[in-house]
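I opened my notebook today to look up a few charged and surface features. Here is the model I worked from.

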Amino acid sequence: MAAAIDLYAYQEPILFLATAAVVVPLFHRLRISPVLGFLAAGALLGPFGLGRLIPEYPWVDWLTFTNPEGTSRLAEFGVVFLLFTIGIELSWQRLRILRRLVFGFGTLQVVLCTLALSLFAYKTVNTVTAAVLIGIALALSSTAIVLPVLAEQKRLNASAGRASFSALLFQDLAVAPILFTIAVLDTSKPDVTLSSFAFLLLQAILALVVIIGLGRVILRPFFQLVSATRSPELFMAACLLVVMVTSLIAAVSGLSMALGAFIAGILLSETEYRRAVDTTIQPFKGLLLGVFFVSVGMSLDVFHLLEAPLTILAVATLVIAVKSVIIFWLSRPFGLNAGEAAETGLLLGPGGEFALVILGSAMVAGLVPVTVGQNLLLVTTLTMVAIPFFARLGRRLSRRLEKKRPVDPAIAVLPPPEEPGRVIVAGYGRVGQLVGDMLRRHKVPYLAIDMDPARVAEQRRAGKPVYFGDGSHPEFLRACGIEQARALVITLDTPSSIGAVVAAARQERSDITIVSRARDDKHAAQLYDMGVDDAVPETIEASLQLSEAVLADIGVPMGLVIASIHERRDEFREVLRKNNRKPERAEFRARRTVGK
């Protein structure tokens, strides 16, 4: 009996690990965000999914998550570790740079969305207090889902990513005062007064001062002592200790645990241990975020949704539409273009995890009717589930609006159509600028084209022959004088963009010399099939340069080194030009390992 009880105690951790083992590789193979997989698994394996079958089929209990409260407590640490790792990537200096977005854009977003949603809610609840609380709850967005989705898309440093992060950071700061306000308004607790509210607020500020002050004094010496032991286990324990202690100090003072971990991450970002700590924390963050997404899915009652699907879907659509429109127009004065503003609106339009906390507290305090609150909890969860879809839609919409955006007249200058012996450089980022500089040193005339208006304007101010335009359009290549051009160099970093330029160039002129950057050997082989004269794979060139450096450094005569490098490069080129048959690819891999 005792063995059975012990086994049952480990049932939910084992079930979660099994879920992760299925969800992550499956959704990675399908190129779908694992977030959706965890959300779906939570809905299926939760109390409102297979859990409904337990009375009739008791064995199903082994396949379900039956302890939502315990899971939610563990899931909270997923958000804690997420904010900690984000804090490590920031610094006080970068945070000061974002202050206009955090306290300007973030404040206005919460206030305006709260006002608009409160007006809609008032028609249902007929009390100002309930309407405002509902408006505040629905105005918040999901830090735990939006930030991982942006990180997966590598969009955190983009304009839409910075604006979204700033608004989410302000929302995290605003959660504590909101919960304090609910406690003050709770008539069932007469001991909570305005004076106690002020005391709690002072306590929260004091906790922030303690975390920041002690962190600046203790963290660096602490990690120096730990790292001196050269024990990976002790270093891992130290990282977990810092996250847990700062989170609990913030929680005891009334702040969110995630905010305390975020500040600890910022403090560590200024030390030499930031990368080591980040690497150590990443596995815990991934697993605990998976638990969080499962817990969100567990709260999704699909059967309750089926009872009034039109009403719930209509409210969810209204919430996303109202917030997205407000955020879109609010983003423009803060420097975001139409595409970036649309992407930000769709990212922040759905509800967030703190809405579940606020609505739950408001229902317990009797400030929001239970029936209304339960429906809004379902609405919030439903919008959170849809965030990955809206993130993808926002990215596509941003690209489409970016293409339609009117070009600054300062850069809308057509290139001179003809110049004998000119080389056209498609893409003028770091690689393209280096190519242009080498052409200039050898007195070879060139013309560069790029789709980034800011980069084009900057380079034109520097006197470089750079023009705004899309090299995949044959008519634009004609305007660049491709008929008289000596060669075309493609330095773009996206394989699809490179292929489009190659196809357009070959359509206009079949005999022009085309030299293109390639992602790897497979991409280079594809480019050779398309008619490129030379494809330069980044991975192979890096290997050749490393080989050249080490051979020269250990004393091999430079003439022999250069000759062998050129010979090896020719061998690579010859293999890549073949038809990419499997035996040839195997021969290529085998020959790479032979030292010369």
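Is Arg441 buried or exposed? I looked it up: Arg441 is exposed, with a relative accessible area of 56%. For my own reference, buried means under 20% relative accessible area, exposed over 50% and partly exposed in between, with a 1.4 Å probe and protein chains only.

A note on the source: this is a predicted model, where local features need pLDDT of at least 70 and side-chain atom pairs count only at pLDDT 80 or more, while totals for chains, interfaces and linings use all residues. Residues are numbered from 1 along each chain as its sequence is written, and side-chain values use heavy atoms, with hydrogens and water left out.

**Salt bridges**

I counted a salt bridge wherever a side-chain nitrogen of Lys or Arg is within 4 Å of a carboxyl oxygen of Asp or Glu. The count comes to seven salt bridges by this rule.

I began with Arg441, whose side chain meets that of Asp437 in a salt bridge of 3.1 Å, N to O. Both residues lie in helix H20, four residues apart, about one turn of the helix. Helices here are DSSP runs of H or I with at least four residues, strands are runs of E with at least two, and both are numbered from the N terminus.

Next I checked Arg506 and Asp533, whose side chains form a salt bridge at 3.1 Å, N to O. This pair links distant parts of the chain: Arg506 sits in helix H23 (residues 495-508) and Asp533 in the loop between helix H24 (521-530) and S6, 27 residues apart. Asp533 is partly exposed, with a relative accessible area of 31%.

Then I looked at Glu538 and Arg517, which meet in a salt bridge of 2.4 Å, N to O. Glu538 belongs to helix H25 and Arg517 to strand S5, so the pair ties together parts that are 21 residues apart in sequence. Glu538 is partly exposed at 33%, and Arg517 is partly exposed at 22% relative accessibility. I also noted a network in which salt bridges that share partners join Asp437, Arg440 and Arg441. Back at Glu538 and Arg517, I found their C-alpha atoms 7.3 Å apart in space.

**Strands S5 and S6**

How is S5 joined to S6? Four bridges join strand S5 (residues 513-518) to S6, and the two run parallel; strands pair if DSSP finds at least two bridges between them. Ala518 has Pro537 as its bridge partner in S6.

**Surface patches**

I looked for patches among residues with over 30% relative accessible area and no salt bridge, joining like charges within 9 Å and nonpolar side chains (Val, Leu, Ile, Met, Phe, Trp, Tyr) within 5 Å. Arg392, Arg396, Arg399 and Arg400 gather in a surface patch of positive charge. Of these I checked Arg399, which is in helix H19 (residues 387-404) and partly exposed at 48% relative accessibility.

A nonpolar patch of about 700 Å² includes Leu201, Ile205 and Val209. Val209 lies in helix H10 (residues 194-228) and is exposed at 52%.

Which phi does Asn126 have? Asn126 has a positive phi of about 65 degrees although it is not a glycine, and I found Asn126 in the loop between helix H6 (99-125) and helix H7 (128-139). Lys443, also not a glycine, has a positive phi of about 60 degrees. Lys443 is exposed, with a relative accessible area of 75%.

Definitions and conventions. Areas by Shrake-Rupley, 256 points an atom, 1.4 Å probe, with all protein chains shown as cover. Lys, Arg positive; Asp, Glu negative; His and termini not counted. Charge placed at Lys NZ, Arg CZ, Asp CG, Glu CD.
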